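I opened the file to look up a few items and keep brief notes. The entries below follow the order in which I checked them.

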Amino acid sequence: MFGLEALDLARIQFAFTVSFHILFPAITIGLASYLAVLEGLWLKTHNDTYRDLYHFWSKIFAVNFGMGVVSGLVMSYQFGTNWSRFSDFAGAVTGPLLTYEVLTAFFLEAGFLGVMLFGWNKVGRGLHFFSTVMVAIGTLISTFWILASNSWMQTPQGFEIVNGQVIPTDWLAIIFNPSFPYRLMHMATAAFVATAFFVGSSAAWHLLRGKDNSAIRTMLSMAMWMALIVAPIQAVIGDFHGLNTLKHQPAKIAAIEGHWENKGDEPTPLILFGWPDMKEEKTKFAVEIPYLGSLILTHSLDKQVPALKDFPPEDRPNSTIVFWSFRIMVGLGFLMIFTGLWSLWLRKRDTLYTSRPFLYLALWMGPSGLIAILAGWFTTEIGRQPWVVYGLMRTADASSNHSFVQMSITLIMFVVVYFALFGAGLGYMMRLVRKGPKISEGAETPEGGPGKQRTPARPLSAADDTADADHDAPSLTKEI
(Lines give C-alpha, C1' and ligand atoms only; values in the text may rest on other atoms or scores of the structure.)
Protein backbone atom coordinates (compact mmCIF):
# COMPACT_ATOMS: atom_id res chain seq x y z
CA MET A 1 0.00 0.00 0.00
CA PHE A 2 1.40 3.40 -1.10
CA GLY A 3 4.68 1.62 -1.80
CA LEU A 4 5.32 1.12 1.92
CA GLU A 5 6.95 -1.90 3.52
CA ALA A 6 6.87 -3.28 7.06
CA LEU A 7 10.04 -1.32 7.88
CA ASP A 8 8.41 1.92 6.76
CA LEU A 9 5.38 1.25 8.96
CA ALA A 10 7.63 0.50 11.94
CA ARG A 11 9.37 3.83 11.43
CA ILE A 12 6.05 5.65 11.04
CA GLN A 13 4.74 4.00 14.20
CA PHE A 14 7.75 5.06 16.24
CA ALA A 15 7.64 8.56 14.77
CA PHE A 16 3.95 8.79 15.64
CA THR A 17 4.40 7.68 19.25
CA VAL A 18 7.50 9.79 19.87
CA SER A 19 5.78 12.85 18.39
CA PHE A 20 2.97 12.49 20.90
CA HIS A 21 5.34 11.72 23.76
CA ILE A 22 7.85 14.51 23.28
CA LEU A 23 5.18 17.19 23.71
CA PHE A 24 4.47 16.15 27.29
CA PRO A 25 8.04 16.00 28.68
CA ALA A 26 8.80 19.35 27.03
CA ILE A 27 5.97 21.06 28.91
CA THR A 28 6.72 19.03 32.05
CA ILE A 29 10.33 20.23 32.11
CA GLY A 30 9.34 23.86 31.67
CA LEU A 31 6.36 23.83 34.04
CA ALA A 32 8.30 22.07 36.81
CA SER A 33 10.90 24.84 36.85
CA TYR A 34 8.17 27.48 36.49
CA LEU A 35 6.38 26.08 39.54
CA ALA A 36 9.63 26.12 41.54
CA VAL A 37 10.13 29.79 40.62
CA LEU A 38 6.52 30.65 41.51
CA GLU A 39 6.69 29.01 44.91
CA GLY A 40 10.09 30.56 45.61
CA LEU A 41 8.75 34.02 44.77
CA TRP A 42 5.71 33.43 46.95
CA LEU A 43 7.85 32.40 49.91
CA LYS A 44 10.10 35.44 49.42
CA THR A 45 7.49 38.12 48.75
CA HIS A 46 4.30 36.68 50.31
CA ASN A 47 2.51 37.96 47.20
CA ASP A 48 -0.64 35.85 46.83
CA THR A 49 -0.49 36.14 43.03
CA TYR A 50 2.43 33.72 42.88
CA ARG A 51 0.63 31.24 45.11
CA ASP A 52 -2.52 31.46 43.00
CA LEU A 53 -0.51 30.80 39.85
CA TYR A 54 1.23 27.88 41.53
CA HIS A 55 -2.09 26.22 42.32
CA PHE A 56 -3.35 26.84 38.79
CA TRP A 57 -0.33 25.52 36.91
CA SER A 58 0.26 22.59 39.27
CA LYS A 59 -3.07 21.12 38.12
CA ILE A 60 -2.03 21.38 34.48
CA PHE A 61 1.40 19.99 35.36
CA ALA A 62 -0.21 16.96 37.03
CA VAL A 63 -2.30 16.09 33.98
CA ASN A 64 0.62 16.65 31.62
CA PHE A 65 2.99 14.58 33.77
CA GLY A 66 0.61 11.64 33.80
CA MET A 67 0.22 11.63 30.02
CA GLY A 68 3.99 11.88 29.60
CA VAL A 69 4.60 8.81 31.75
CA VAL A 70 2.03 6.71 29.91
CA SER A 71 3.23 7.69 26.43
CA GLY A 72 6.85 7.10 27.44
CA LEU A 73 6.18 3.53 28.57
CA VAL A 74 4.83 2.67 25.13
CA MET A 75 8.01 3.85 23.46
CA SER A 76 10.17 1.73 25.76
CA TYR A 77 8.27 -1.41 24.80
CA GLN A 78 8.70 -0.63 21.11
CA PHE A 79 12.44 -1.17 21.39
CA GLY A 80 11.74 -4.80 22.12
CA THR A 81 8.73 -5.36 19.87
CA ASN A 82 9.59 -3.45 16.68
CA TRP A 83 13.35 -2.91 16.98
CA SER A 84 14.62 -6.10 18.58
CA ARG A 85 17.72 -6.35 16.40
CA PHE A 86 18.72 -2.83 17.41
CA SER A 87 18.22 -3.79 21.05
CA ASP A 88 20.35 -6.88 20.57
CA PHE A 89 23.09 -4.85 18.87
CA ALA A 90 23.20 -1.73 21.09
CA GLY A 91 21.26 -2.75 24.20
CA ALA A 92 24.41 -2.93 26.30
CA VAL A 93 24.66 0.85 25.90
CA THR A 94 21.08 2.10 25.58
CA GLY A 95 19.67 -0.27 28.22
CA PRO A 96 21.84 0.96 31.11
CA LEU A 97 21.40 4.61 30.11
CA LEU A 98 17.62 4.30 30.21
CA THR A 99 17.90 2.37 33.48
CA TYR A 100 19.92 5.21 35.00
CA GLU A 101 17.13 7.56 33.96
CA VAL A 102 14.62 5.48 35.90
CA LEU A 103 16.84 5.01 38.97
CA THR A 104 17.74 8.69 39.25
CA ALA A 105 15.23 10.97 37.56
CA PHE A 106 12.01 8.97 37.66
CA PHE A 107 12.46 7.81 41.24
CA LEU A 108 13.33 11.36 42.28
CA GLU A 109 10.26 12.78 40.56
CA ALA A 110 7.96 10.04 41.86
CA GLY A 111 9.31 10.36 45.39
CA PHE A 112 8.63 14.08 45.69
CA LEU A 113 5.70 14.48 43.29
CA GLY A 114 3.16 13.34 45.87
CA VAL A 115 4.43 15.87 48.41
CA MET A 116 4.42 18.58 45.76
CA LEU A 117 0.86 17.94 44.60
CA PHE A 118 -0.87 16.77 47.78
CA GLY A 119 1.28 18.06 50.63
CA TRP A 120 0.37 21.74 50.51
CA ASN A 121 -1.44 21.51 53.88
CA LYS A 122 0.53 18.62 55.29
CA VAL A 123 4.19 19.61 55.38
CA GLY A 124 6.21 22.68 56.22
CA ARG A 125 6.84 25.41 53.70
CA GLY A 126 10.52 24.59 53.36
CA LEU A 127 9.88 20.91 52.70
CA HIS A 128 7.16 21.63 50.18
CA PHE A 129 9.38 24.04 48.28
CA PHE A 130 12.21 21.51 48.44
CA SER A 131 9.88 18.89 46.93
CA THR A 132 8.94 21.21 44.07
CA VAL A 133 12.60 21.91 43.37
CA MET A 134 13.42 18.18 43.46
CA VAL A 135 10.70 17.46 40.90
CA ALA A 136 12.09 20.21 38.66
CA ILE A 137 15.61 18.82 39.01
CA GLY A 138 14.27 15.34 38.29
CA THR A 139 12.85 16.45 34.96
CA LEU A 140 16.25 17.87 33.98
CA ILE A 141 18.06 14.70 35.07
CA SER A 142 15.63 12.70 32.95
CA THR A 143 16.49 14.94 30.00
CA PHE A 144 20.17 14.31 30.69
CA TRP A 145 19.93 10.51 30.40
CA ILE A 146 17.49 10.43 27.48
CA LEU A 147 19.65 12.83 25.50
CA ALA A 148 22.80 10.89 26.43
CA SER A 149 21.28 7.74 24.93
CA ASN A 150 19.97 9.42 21.81
CA SER A 151 23.14 11.45 21.29
CA TRP A 152 25.23 8.29 21.47
CA MET A 153 23.18 6.95 18.56
CA GLN A 154 24.09 10.13 16.67
CA THR A 155 27.80 10.23 17.57
CA PRO A 156 28.77 6.84 19.05
CA GLN A 157 32.04 6.39 20.93
CA GLY A 158 33.44 4.55 23.98
CA PHE A 159 32.70 1.01 22.74
CA GLU A 160 33.96 -1.96 20.81
CA ILE A 161 32.03 -4.47 18.73
CA VAL A 162 32.33 -8.10 19.82
CA ASN A 163 30.41 -10.88 18.05
CA GLY A 164 28.14 -8.35 16.37
CA GLN A 165 27.22 -6.53 19.59
CA VAL A 166 28.29 -3.20 21.04
CA ILE A 167 30.30 -3.62 24.25
CA PRO A 168 30.88 -0.52 26.40
CA THR A 169 34.53 0.25 27.16
CA ASP A 170 34.33 3.83 28.49
CA TRP A 171 31.08 5.01 30.04
CA LEU A 172 32.20 8.62 30.36
CA ALA A 173 32.95 8.67 26.63
CA ILE A 174 29.58 7.07 25.92
CA ILE A 175 27.63 9.56 28.04
CA PHE A 176 29.59 12.66 27.08
CA ASN A 177 29.78 11.84 23.40
CA PRO A 178 30.61 14.67 20.96
CA SER A 179 27.05 15.81 20.24
CA PHE A 180 25.63 15.36 23.76
CA PRO A 181 26.40 18.76 25.35
CA TYR A 182 24.94 20.68 22.41
CA ARG A 183 21.85 18.51 22.10
CA LEU A 184 21.21 18.59 25.86
CA MET A 185 21.37 22.39 26.00
CA HIS A 186 19.32 22.71 22.82
CA MET A 187 16.53 20.44 24.07
CA ALA A 188 16.38 21.81 27.62
CA THR A 189 16.28 25.39 26.34
CA ALA A 190 13.61 24.43 23.81
CA ALA A 191 11.47 23.08 26.65
CA PHE A 192 11.74 26.37 28.56
CA VAL A 193 10.91 28.41 25.45
CA ALA A 194 7.96 26.16 24.56
CA THR A 195 6.57 26.46 28.07
CA ALA A 196 7.02 30.23 28.06
CA PHE A 197 4.90 30.59 24.93
CA PHE A 198 2.34 28.12 26.27
CA VAL A 199 1.98 30.20 29.44
CA GLY A 200 2.05 33.47 27.50
CA SER A 201 -0.61 32.26 25.10
CA SER A 202 -2.85 31.30 28.01
CA ALA A 203 -2.52 34.78 29.48
CA ALA A 204 -3.18 36.42 26.11
CA TRP A 205 -6.34 34.34 25.68
CA HIS A 206 -7.76 35.62 28.97
CA LEU A 207 -6.74 39.23 28.35
CA LEU A 208 -8.39 39.23 24.93
CA ARG A 209 -11.60 38.10 26.60
CA GLY A 210 -11.53 40.83 29.20
CA LYS A 211 -10.23 38.81 32.13
CA ASP A 212 -7.58 41.19 33.42
CA ASN A 213 -6.11 40.67 36.87
CA SER A 214 -2.73 40.49 38.57
CA ALA A 215 -2.37 36.74 38.03
CA ILE A 216 -3.03 36.94 34.28
CA ARG A 217 -0.67 39.90 33.90
CA THR A 218 2.04 38.12 35.86
CA MET A 219 1.69 35.08 33.62
CA LEU A 220 2.16 37.17 30.49
CA SER A 221 4.97 39.25 31.98
CA MET A 222 7.02 36.25 33.15
CA ALA A 223 6.45 34.42 29.86
CA MET A 224 7.60 37.34 27.75
CA TRP A 225 10.70 37.93 29.89
CA MET A 226 11.58 34.28 29.34
CA ALA A 227 10.99 34.59 25.59
CA LEU A 228 13.04 37.76 25.38
CA ILE A 229 16.03 36.25 27.18
CA VAL A 230 16.00 32.57 26.24
CA ALA A 231 14.92 32.61 22.57
CA PRO A 232 18.09 34.45 21.42
CA ILE A 233 20.19 32.14 23.61
CA GLN A 234 18.57 29.20 21.87
CA ALA A 235 19.62 30.62 18.51
CA VAL A 236 23.25 30.81 19.68
CA ILE A 237 23.11 27.24 21.01
CA GLY A 238 21.63 26.15 17.69
CA ASP A 239 24.56 27.68 15.86
CA PHE A 240 27.07 25.74 17.96
CA HIS A 241 24.98 22.61 17.50
CA GLY A 242 25.08 23.11 13.75
CA LEU A 243 28.87 23.41 13.76
CA ASN A 244 29.10 20.20 15.78
CA THR A 245 26.77 18.41 13.36
CA LEU A 246 28.83 19.61 10.39
CA LYS A 247 31.90 18.02 11.97
CA HIS A 248 30.36 14.67 12.90
CA GLN A 249 27.40 14.27 10.51
CA PRO A 250 28.20 16.25 7.36
CA ALA A 251 25.62 14.38 5.27
CA LYS A 252 22.89 15.63 7.59
CA ILE A 253 24.02 19.23 7.13
CA ALA A 254 24.14 18.81 3.35
CA ALA A 255 20.57 17.47 3.41
CA ILE A 256 19.38 20.29 5.67
CA GLU A 257 20.88 22.84 3.30
CA GLY A 258 19.61 21.11 0.15
CA HIS A 259 23.18 21.45 -1.10
CA TRP A 260 24.02 18.92 -3.81
CA GLU A 261 27.43 19.87 -5.17
CA ASN A 262 30.22 22.39 -4.88
CA LYS A 263 31.35 24.33 -7.92
CA GLY A 264 35.12 24.68 -8.13
CA ASP A 265 36.38 26.75 -5.23
CA GLU A 266 33.22 28.85 -4.93
CA PRO A 267 31.90 29.38 -1.40
CA THR A 268 28.61 27.72 -0.55
CA PRO A 269 25.43 29.80 -0.93
CA LEU A 270 22.54 29.57 1.49
CA ILE A 271 19.37 28.19 -0.09
CA LEU A 272 16.53 29.98 1.65
CA PHE A 273 13.74 28.12 -0.12
CA GLY A 274 13.45 25.42 -2.73
CA TRP A 275 12.41 21.83 -3.28
CA PRO A 276 15.17 19.21 -2.93
CA ASP A 277 14.48 16.40 -5.42
CA MET A 278 16.13 13.17 -4.31
CA LYS A 279 15.67 11.49 -7.70
CA GLU A 280 16.96 14.31 -9.88
CA GLU A 281 19.66 15.18 -7.32
CA LYS A 282 19.05 18.90 -7.32
CA THR A 283 17.08 21.54 -5.46
CA LYS A 284 14.39 22.96 -7.68
CA PHE A 285 13.17 26.57 -7.52
CA ALA A 286 16.10 27.47 -5.26
CA VAL A 287 16.29 30.98 -3.83
CA GLU A 288 19.93 31.47 -2.87
CA ILE A 289 22.05 34.02 -1.04
CA PRO A 290 25.70 33.81 -2.17
CA TYR A 291 28.41 33.17 0.45
CA LEU A 292 25.91 32.96 3.32
CA GLY A 293 26.00 29.15 3.61
CA SER A 294 29.75 29.24 4.11
CA LEU A 295 29.48 32.14 6.55
CA ILE A 296 26.86 30.45 8.75
CA LEU A 297 28.27 26.93 8.72
CA THR A 298 32.01 27.55 8.61
CA HIS A 299 32.15 31.15 9.88
CA SER A 300 34.20 32.09 6.84
CA LEU A 301 33.53 33.45 3.34
CA ASP A 302 35.69 31.03 1.40
CA LYS A 303 35.29 27.54 2.90
CA GLN A 304 32.88 25.08 1.32
CA VAL A 305 30.22 22.95 2.98
CA PRO A 306 30.10 19.22 2.12
CA ALA A 307 27.54 18.42 -0.59
CA LEU A 308 25.10 15.53 -0.88
CA LYS A 309 26.85 14.19 -3.99
CA ASP A 310 29.97 13.71 -1.88
CA PHE A 311 28.16 10.75 -0.30
CA PRO A 312 26.83 7.55 -1.93
CA PRO A 313 23.09 7.69 -2.67
CA GLU A 314 22.39 4.96 -0.12
CA ASP A 315 24.02 7.08 2.63
CA ARG A 316 22.07 10.27 1.99
CA PRO A 317 19.26 11.44 4.32
CA ASN A 318 15.96 12.50 2.79
CA SER A 319 16.72 16.14 2.01
CA THR A 320 13.15 16.93 0.98
CA ILE A 321 11.91 16.40 4.54
CA VAL A 322 14.77 17.74 6.65
CA PHE A 323 15.21 20.80 4.41
CA TRP A 324 11.72 21.99 5.31
CA SER A 325 11.51 20.69 8.89
CA PHE A 326 14.67 22.66 9.68
CA ARG A 327 13.26 25.82 8.12
CA ILE A 328 10.03 25.48 10.08
CA MET A 329 12.07 25.26 13.28
CA VAL A 330 14.28 28.23 12.40
CA GLY A 331 11.38 30.32 11.13
CA LEU A 332 9.46 29.81 14.37
CA GLY A 333 12.60 30.64 16.29
CA PHE A 334 12.86 34.02 14.58
CA LEU A 335 9.18 34.65 15.32
CA MET A 336 9.83 33.88 18.99
CA ILE A 337 12.70 36.36 19.10
CA PHE A 338 10.51 38.96 17.38
CA THR A 339 7.71 38.36 19.89
CA GLY A 340 10.10 38.83 22.80
CA LEU A 341 11.47 42.08 21.36
CA TRP A 342 7.97 43.41 20.63
CA SER A 343 6.96 42.62 24.21
CA LEU A 344 9.92 44.66 25.49
CA TRP A 345 8.92 47.64 23.33
CA LEU A 346 5.32 47.43 24.55
CA ARG A 347 6.46 47.02 28.14
CA LYS A 348 8.38 50.29 27.93
CA ARG A 349 5.26 51.98 26.50
CA ASP A 350 3.13 50.44 29.27
CA THR A 351 0.84 48.75 26.71
CA LEU A 352 1.98 45.14 27.05
CA TYR A 353 -1.37 44.01 28.46
CA THR A 354 -3.62 46.11 26.24
CA SER A 355 -2.14 45.86 22.73
CA ARG A 356 -4.58 43.58 20.96
CA PRO A 357 -2.35 42.92 17.91
CA PHE A 358 0.42 41.73 20.23
CA LEU A 359 -1.98 39.67 22.33
CA TYR A 360 -3.27 37.94 19.20
CA LEU A 361 0.31 37.18 18.17
CA ALA A 362 1.08 35.80 21.64
CA LEU A 363 -2.08 33.69 21.46
CA TRP A 364 -1.22 32.16 18.10
CA MET A 365 2.39 31.62 19.19
CA GLY A 366 1.18 29.30 21.95
CA PRO A 367 1.97 26.02 20.13
CA SER A 368 5.01 27.46 18.32
CA GLY A 369 7.53 26.03 20.77
CA LEU A 370 6.07 22.54 20.55
CA ILE A 371 5.90 22.67 16.77
CA ALA A 372 9.52 23.82 16.67
CA ILE A 373 10.52 20.92 18.93
CA LEU A 374 8.78 18.43 16.64
CA ALA A 375 10.39 19.99 13.57
CA GLY A 376 13.78 19.85 15.27
CA TRP A 377 13.38 16.19 16.19
CA PHE A 378 12.31 15.30 12.66
CA THR A 379 15.40 17.08 11.39
CA THR A 380 17.65 15.26 13.84
CA GLU A 381 16.22 11.77 13.46
CA ILE A 382 15.46 11.74 9.73
CA GLY A 383 18.77 13.48 9.10
CA ARG A 384 20.55 10.55 10.78
CA GLN A 385 19.14 8.10 8.25
CA PRO A 386 19.87 5.61 6.85
CA TRP A 387 21.59 4.86 10.15
CA VAL A 388 19.96 3.97 13.46
CA VAL A 389 23.41 4.08 15.10
CA TYR A 390 25.36 6.50 12.96
CA GLY A 391 27.96 4.72 10.85
CA LEU A 392 27.46 1.40 12.66
CA MET A 393 23.98 0.00 12.07
CA ARG A 394 21.49 0.80 9.35
CA THR A 395 17.83 1.26 10.17
CA ALA A 396 16.93 -1.51 7.72
CA ASP A 397 19.00 -3.94 9.82
CA ALA A 398 17.53 -2.85 13.15
CA SER A 399 13.84 -3.75 12.87
CA SER A 400 12.09 -6.91 14.04
CA ASN A 401 10.87 -9.48 11.56
CA HIS A 402 7.24 -8.41 11.41
CA SER A 403 4.93 -8.64 8.44
CA PHE A 404 3.29 -5.73 6.66
CA VAL A 405 -0.14 -6.81 7.96
CA GLN A 406 1.06 -6.95 11.57
CA MET A 407 2.58 -3.49 11.39
CA SER A 408 -0.50 -2.08 9.66
CA ILE A 409 -2.85 -3.36 12.36
CA THR A 410 -0.73 -2.11 15.24
CA LEU A 411 -0.20 1.28 13.61
CA ILE A 412 -3.95 1.74 13.14
CA MET A 413 -4.55 0.72 16.76
CA PHE A 414 -1.96 3.21 17.98
CA VAL A 415 -3.51 6.03 15.98
CA VAL A 416 -7.04 5.31 17.25
CA VAL A 417 -6.05 4.82 20.89
CA TYR A 418 -3.68 7.78 21.01
CA PHE A 419 -6.13 10.24 19.51
CA ALA A 420 -8.88 9.01 21.83
CA LEU A 421 -6.85 8.82 25.03
CA PHE A 422 -4.44 11.70 24.68
CA GLY A 423 -6.95 13.78 22.77
CA ALA A 424 -9.22 13.59 25.82
CA GLY A 425 -6.31 14.42 28.10
CA LEU A 426 -5.25 17.40 26.02
CA GLY A 427 -8.86 18.58 25.84
CA TYR A 428 -9.16 18.42 29.62
CA MET A 429 -5.86 20.25 30.06
CA MET A 430 -7.02 23.01 27.69
CA ARG A 431 -10.25 23.27 29.67
CA LEU A 432 -8.21 23.92 32.79
CA VAL A 433 -6.22 26.56 30.94
CA ARG A 434 -9.39 28.29 29.74
CA LYS A 435 -10.77 28.33 33.27
CA GLY A 436 -7.83 30.42 34.43
CA PRO A 437 -6.30 30.90 37.88
CA LYS A 438 -8.47 31.63 40.89
CA ILE A 439 -7.23 34.74 42.63
CA SER A 440 -7.48 35.96 46.21
CA GLU A 441 -7.74 39.68 45.48
CA GLY A 442 -10.68 41.42 47.10
CA ALA A 443 -11.44 38.50 49.37
CA GLU A 444 -10.18 37.18 52.65
CA THR A 445 -6.81 35.59 52.13
CA PRO A 446 -7.09 31.81 52.47
CA GLU A 447 -4.80 30.50 55.12
CA GLY A 448 -3.60 27.26 53.53
CA GLY A 449 -0.01 27.02 52.56
CA PRO A 450 2.62 24.53 53.55
CA GLY A 451 2.71 24.06 57.29
CA LYS A 452 -0.79 25.45 57.85
CA GLN A 453 -4.06 23.72 58.73
CA ARG A 454 -3.08 20.07 58.34
CA THR A 455 -6.42 18.99 56.89
CA PRO A 456 -6.79 16.03 54.53
CA ALA A 457 -6.27 16.79 50.86
CA ARG A 458 -8.26 14.89 48.27
CA PRO A 459 -6.03 12.83 45.94
CA LEU A 460 -7.72 14.23 42.84
CA SER A 461 -7.44 17.84 43.95
CA ALA A 462 -4.20 18.21 42.03
CA ALA A 463 -6.09 18.00 38.77
CA ASP A 464 -9.60 19.04 39.76
CA ASP A 465 -11.02 22.04 37.94
CA THR A 466 -14.20 22.38 39.95
CA ALA A 467 -12.86 22.75 43.46
CA ASP A 468 -9.55 23.07 45.20
CA ALA A 469 -9.62 22.02 48.82
CA ASP A 470 -6.16 23.39 49.47
CA HIS A 471 -6.87 26.75 47.93
CA ASP A 472 -10.53 27.57 48.45
CA ALA A 473 -11.60 25.77 51.61
CA PRO A 474 -13.74 28.23 53.59
CA SER A 475 -12.14 27.18 56.91
CA LEU A 476 -8.76 28.53 55.80
CA THR A 477 -9.28 32.24 56.28
CA LYS A 478 -6.43 34.23 57.72
CA GLU A 479 -2.69 34.27 57.13
CA ILE A 480 -0.18 32.66 54.82
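Entry 1, terms and source. I call a residue buried under 20% relative accessible area, exposed over 50%, and partly exposed in between (1.4 Å probe, protein chains only). The model is predicted, so I took local features at pLDDT of at least 70 and side-chain atom pairs at pLDDT 80 or more, while totals for chains, interfaces and linings use all residues. Residues are numbered from 1 along each chain as its sequence is written, and side-chain values use heavy atoms, with hydrogens and water left out.

I found Phe378 in helix H12 (residues 368-384); helices (H or I, at least four residues) and strands (E, at least two) are DSSP runs, numbered from the N terminus. Its relative accessible area is 33%, so I noted Phe378 as partly exposed. Leaving aside neighbours within four places in sequence, Phe378 is in contact with Ser19, Val322, Ser325 and Gly383, where contact means heavy atoms within 4.5 Å. I also looked up the C-alpha to C-alpha distance from Phe378 to Val322: 6.9 Å, for a separation of 56 residues in sequence.

I noted a cis peptide bond from Gln385 to Pro386, with omega near 10 degrees. Pro386 sits in the loop between H12 and strand S5 (387-389). Phe285, in strand S4 (residues 282-289), is not a glycine but has a positive phi, near 55 degrees. Phe285 counts as exposed because its relative accessibility is 70%. His299 also has a positive phi, about 60 degrees, without being a glycine. I placed His299 in the loop between helix H9 (292-298) and helix H10 (319-348).

I took a nonpolar core as a set of buried Ala, Val, Leu, Ile, Met, Phe, Trp, Tyr and Cys residues joined through side-chain atoms within 4.5 Å. The largest one has 87 residues, and Trp57, Ile60, Phe61, Phe86 and Met219 touch the most other members. Helix H1 (residues 6-45) gives the most to this core, 17 residues. Beyond four places in sequence, I found Ile60 in contact with Leu31, Phe198, Met429, Leu432 and Val433.

I looked up H1 and helix H2 (residues 48-81): their axes come within 7 Å and cross at roughly 155 degrees. Axes are lines fitted to C-alpha atoms, for helices over the stretch in contact, and angles run from 0 to 180 degrees between N-to-C directions. H1 and H2 are therefore roughly antiparallel, a term for angles over 145 degrees.

Definitions and conventions:
Angles under 35 degrees count as roughly parallel, over 145 as roughly antiparallel, 65 to 115 as roughly perpendicular and the rest as oblique.
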